[in-house]
Amino acid sequence: MITSKTQLVGLFGHPVSHSQSPMMQNAAFSETGLGYAYAAFDVEPDNLEDAVAGIRALGLKGINVTIPHKVAIMPMLDEIDPLAKRIGAVNTVVIEDGRLIGYNTDGMGYVRSLVEETGIELEQQIVTMVGAGGAARAVAFTLAEKGVKEIRIINRSLERATLLAESLKSIVSTRIVEQGEGKEAIADASLLINTTSIGMLPNVNEMPVPKEWLHDQLTVSDLIYNPLETRLLAEAKAIGARVHSGVGMFVNQGALAFELWTGKKAPTEAMRQIVLSQLTKTAE
Ligand code: NAP
């Protein structure tokens with residue numbers, strides 16, 4: 001129940017009507033009885049500065065930030081956590097003593113879910129990643145900081161792949177995979193990650209790499225969670241590879257934001273169940 005003591009957090013994005021975050025975070029607040037509520041704010045790009053001023057004016061406790069504001073909000077904050085700075089994007093803001101502090105929980109959310117769900121040892125991983133966009137940056141920097149052996153990048157735009165590889169190379173061995181070298185870059189890799197939108201609803205028959213490039217020694221991970229099982233994951237499972245879907249990243253980036261705002265452990269399993277039930281309902 002919302003009362004005069006309720007602490008408000010929310011989401012700044014444009015559009016936001018499709019977002020699962022309000023449902024997931026409100027379920028978490030209700031489960032823990034912490035007296036918070038989460039609302040979605042559709043903020044047009046031209047209104048972002050006013051909306052950020054509104055965080056202070058209205059006394060919000062924190063916000064999530066999504067497309068198209070993850071980069072644009074950075075100069076409007078008082079402080080940015082080093083990992084978010086390296087990634088170059090903020091998805092969570094915490095208000096501490098009136099100061100707005102930016103974090104990025106996408107990469108940590110991904111890694112937490114990957115390790116919990118597959119049990120792989122990060123230090124042993126040779127990673128081939130398809131994509132070099134915002135989500136790829138969050139995942140790659142976090143995996144690099146966690147000590148994976150090597151990150152290879154396959155991307156449609158060579159320029160974006162080069163930009164990511166350049167900024168990663170001081171922390172991890174990095175290689176750009178040129179056209180025609182994809183199969184070989186996956187053959188001796190241990191972890192294949194799709195960070196592109198290829199295979200996402202409604203284009204569910206598309207795959208970021210040909211199925212012939214997959215092998216049973218791989219862990220195949222897809223950031224997409226709609227559908228829950230992409231064609232890439234279905235083909236990987238069929239040949240005996242280990243698979244990991246994007247729903248865990250979504251749940252854990254939210255759980256980490258919850259923990260930053262409240263200082264309490266998030267009810268991750270309840271959050272996962274509500275997201276899964278919603279995704280299953282929309283798939284029917
Ligand atoms: P983004 O910044 O726009 O990057 C998109 C990436 O996909 C780029 O590397 C782009 O290549 C590539 N790409 C898109 N369409 C392509 C096509 N038809 N052929 C080849 N490459 C293509 O987007 P993002 O924010 O990183 O998001 C990427 C995916 O991650 C989305 O599916 C999103 O739903 C998912 N995601 C999931 C979570 C989660 O919590 N599970 C969180 C964030 C994102 P170019 O560089 O050549 O354009």
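The points below take up a sheet, the helices that contact it, and then a pocket.

1. Please keep in mind throughout that this is a predicted model. Its open sheet is built from six strands in the order 9-8-7-10-11-12, and the pairing is parallel. Because strand 9 (173-176) and strand 12 (242-244) stand at the edges with a single partner strand each, one side of each is left without a neighbour in the sheet. From one strand to the next, the twist averages 20 degrees.

2. Within this sheet, strand 7 (residues 126-130) and strand 10 (residues 191-194) run parallel and are joined by four bridges. Thr128 is the residue that stands opposite Leu192 in strand 10.

3. Helix 6 (residues 158-168) packs on the sheet, where it touches strand 7, strand 8 (150-154) and strand 9, and its direction makes about 170 degrees with that of strand 9. Helix 8 (residues 231-238), for its part, lies across strand 10, strand 11 (219-222) and strand 12, and runs at about 165 degrees to strand 11.

4. The second largest pocket has a volume of about 150 Å³, and its lining includes Met1, Ile2, Thr6, Asn26, Phe29, Ser30 and Tyr36. Helix 1 (21-32) and strand 2 (36-42) each supply at least two residues of that lining, with helix 1 giving the most, namely three residues.

5. What is the make-up of the lining of the second largest pocket by class? There are six nonpolar and five polar residues, and no charged ones.

Definitions and conventions
Residues numbered from 1 in each chain as written. Predicted model: local features only at pLDDT ≥ 70, side-chain atom pairs only at ≥ 80, totals over all residues. Heavy atoms only, no water. 1 Å grid on protein atoms, 1.4 Å probe; cavity = no way out; pocket = protein on both sides within 12 Å on 5 of 7 lines; lining within 4 Å. Points joined across faces, edges and corners; volume = space filled by probe spheres on them. Nonpolar A, V, L, I, M, F, W, Y, C, P; charged D, E, K, R; others polar. Pairing = 2+ DSSP bridges. Axes fitted to C-alpha atoms, helices over the stretch in contact; angles between N-to-C directions. Contact = heavy atoms within 4.5 Å.
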